[in-house]
Amino acid sequence: MADTVMFTLRMNKETKKKCEKIYSELGVSLSAAINVFLHQSVYAGGFPFDVRLDASTRDKVTAMAEEKKTAEEK
């Protein structure tokens, strides 16, 4: 048996239910699906799919980060 570890994950209850239903229909558990994602991340050297922000979203994320930093400095 491979050397394994326990991994705890917090997620939205409704998202978990929806994902369990999808993966159940595919014949795998949510745990197995997460393992596939992690293995593919290792293989890809990052996210196993494109992750991008459009310009307006990037600007919003930057502004939120700046607001948080300012609030923490107070």
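Predicted model: local features only at pLDDT ≥ 70, side-chain atom pairs only at ≥ 80, totals over all residues.

Author: Residues are numbered from 1 along each chain as its sequence is written, and side-chain values use heavy atoms, with hydrogens and water left out.

Reader: Why is D59 called exposed?

Author: Exposed means over 50% relative accessible area, buried under 20%, and partly exposed in between (1.4 Å probe, protein chains only). D59 has 53% relative accessibility, so D59 counts as exposed. D59 is found in helix 3, where helices are DSSP runs of H or I with at least four residues, numbered from the N terminus.

Reader: How many residues of helix 3 are buried?

Author: The count is zero among its 19 residues.

Reader: What span does helix 3 have, and what is expected?

Author: The expected span is 1.5 Å times one less than the number of residues. Helix 3 (residues 55-73) reaches 27 Å from its first C-alpha to its last, close to the expected 27 Å.

Reader: Why is L38 called partly exposed?

Author: The relative accessible area of L38 is 37%, and therefore L38 is partly exposed. L38 lies in helix 2 (residues 30-44).

Reader: Which helix gives the most to the lining of the largest pocket?

Author: Helix 2 does, with five residues. The lining residues include L30, I34 and L38.

Key:
Helix = DSSP H or I, 4+ residues; strand = E, 2+ residues; numbered from the N terminus. 1 Å grid on protein atoms, 1.4 Å probe; cavity = no way out; pocket = protein on both sides within 12 Å on 5 of 7 lines; lining within 4 Å.
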